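Please keep the sequence and the model in view while reading.

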Amino acid sequence: MAKKILITGATGLVGTALKKHLLAQGYEVNTLSRKESDDPNNFTWDVYKGEIDTQCLTGVDAIIHLAGEPVAEKKWTKERKKQIIDSRVKSTQLIYKAIQSNPDHQIKSFISASAVGFYGDCGDEILTEESQNGYGFLAECCKLWEDAVDEGKKLSLRIVKLRTGIVFSTKGGALPQLDKPVRLFAGAALGTGKQWTPWLHIDDMVAMYVYALENFNMENSYNACAPFPVTNEGLTKAIAKHLHRPFWPVKVPRKAIELLMGERTEAVMMSNNTAAQKILDAGFKFKFTHLDDALANLYQHK
């Protein structure tokens with residue numbers, strides 16, 4: 001079993017929770033960060049300059065790669081889109097270059113984040129890991145990202161890519177953004193409200209990375225989403241119920257969202273009806289399969 005792990009993107013929502021969990025389980029954890037720190041297990045890199053402290057690989061059995069610029073935070077200028085792609089693709093290439101230059105490494109597994117954006121906007125079509133790569137910026141970004149990750153097969157690494165939906169946590173990420181209008185008594189569906197929204201509780205996301213780490217029969221792509229995706233309307237209604245706020249039958253017109261978000265509307269309005277069968281077949285057991293239970297758990301903790 002892998003005992004020493006390198007995590008990139010360890011200060012993000014998933015990375016923070018995963019690092020905490022792995023340390024509690026007795027793993028040793030190295031991290032790669034842009035900032036220097038007093039932590040002897042934190043190493044620095046600069047993806048854009050192509051610099052990496054190769055000491056980060058010493059004694060490491062597996063790498064969990066979560067680094068990447070946030071997708072929906074800033075306006076999608078040409079420059080920003082390049083950053084979103086480069087932060088994923090070039091970071092992967094930089095790690096592989098460091099592994100290649102270190103023939104004595106003992107790394108066996110490379111487990112990477114990816115996203116359901118890979119499939120593009122697919123309406124009601126049920127999406128399995130065999131479904132085709134879609135159209136749009138996010139689909140293009142995910143394809144380039146996964147292709148870069150797959151290059152690790154040439155280094156005889158076991159590759160796992162977790163195509164993630166919206167990870168729900170009250171500590172950050174999408175949920176506080178989604179529940180903000182509901183809290184302000186303005187909860188309503190976006191666009192038609194029929195777009196499918198694949199979701200996952202933060203605890204299941206962390207558990208899935210650990211499962212992928214410890215189960216060597218897992219390889220290639222998996223949809224990292226709970227077995228029952230919901231529509232945007234269903235999601236907003238459920239949040240309103242748990243926050244004891246009204247849900248309005250009016251819909252926020254797509255044009256209004258486009259005015260506010262520009263091209264990033266793609267990220268908010270995409271419909272991904274993802275199937276979780278492959279990860280279930282691999283033996284993974286979800287703690288939260290239904291949205292109601294996940295929200296009840298998250299909001300009671302708050």
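Helices (H or I, at least four residues) and strands (E, at least two) are taken here as DSSP runs and are numbered from the N terminus. The model is a predicted one, in which local features need pLDDT of at least 70 and side-chain atom pairs count only at pLDDT 80 or more, while totals for chains, interfaces and linings use all residues. Residues are numbered from 1 along each chain as its sequence is written, and side-chain values use heavy atoms, with hydrogens and water left out.

Strands of a sheet pair through backbone hydrogen bonds, either parallel or antiparallel. Two strands are counted as paired if DSSP finds at least two bridges between them. In this model, eight strands form an open sheet with mixed pairing, in the order β4-β3-β2-β1-β5-β6-β8-β13. The edges are held by β4 (51–52) and β13 (220–224); each has a single partner strand, so one side of each is left without a neighbour in the sheet.

Within this sheet, strand β1 runs parallel to strand β2 (residues 28–33), and five bridges join the two. Ile-5 has Val-29 of β2 as its bridge partner. A residue is called buried under 20% relative accessible area, exposed over 50%, and partly exposed in between (1.4 Å probe, protein chains only). Five of the five residues of β1 are buried, so this strand is largely enclosed by the rest of the structure. Lys-4, Leu-6 and Thr-8 point one way from β1, whereas Ile-5 and Ile-7 point the other way. Elsewhere in the sheet, strands β6 (residues 109–115) and β8 (residues 158–164) also run parallel, joined by seven bridges. There, Ala-115 stands opposite Thr-164 of β8.

The helices come next. Axes are lines fitted to C-alpha atoms, for helices over the stretch in contact, and angles run from 0 to 180 degrees between N-to-C directions. Helix α5 (residues 202–214) lies across β1 (4–8), β5 (62–65), β6, β8 and β13, and runs at about 165 degrees to β8. The axes of helix α1 (residues 13–24) and α5 come within 10 Å and cross at roughly 60 degrees. Contact means heavy atoms within 4.5 Å. Between these helices, contact is made by Leu-13, Val-14, Ala-17, Leu-18, His-21 and Leu-22 of α1 with Ile-202, Met-205, Val-206, Tyr-209, Val-210 and Leu-213 of α5.

Two buried residues may then be examined. Asn-273 belongs to strand β16 (residues 273–274) and is buried, with a relative accessible area of 11%. Leaving aside residues up to four places away in sequence, Asn-273 touches Gly-123, Asp-124, Glu-125, Ile-126, Leu-127, Trp-196 and Pro-229. His-242 lies in helix α6 (residues 232–242) and is buried at 18% relative accessible area. With the same exclusion of residues up to four places away, His-242 touches Asp-292, Leu-295, Ala-296 and Tyr-299.

Finally, the backbone deserves attention. Most residues other than glycine have a negative phi, and most peptide bonds are trans. Ser-156, in the loop between α3 (137–150) and β8, has a positive phi near 60 degrees. Ser-156 is exposed, with a relative accessible area of 63%. Phe-185, in the loop between α4 (175–183) and β10 (187–190), has a positive phi of about 60 degrees. At 49% relative accessibility, Phe-185 counts as partly exposed.
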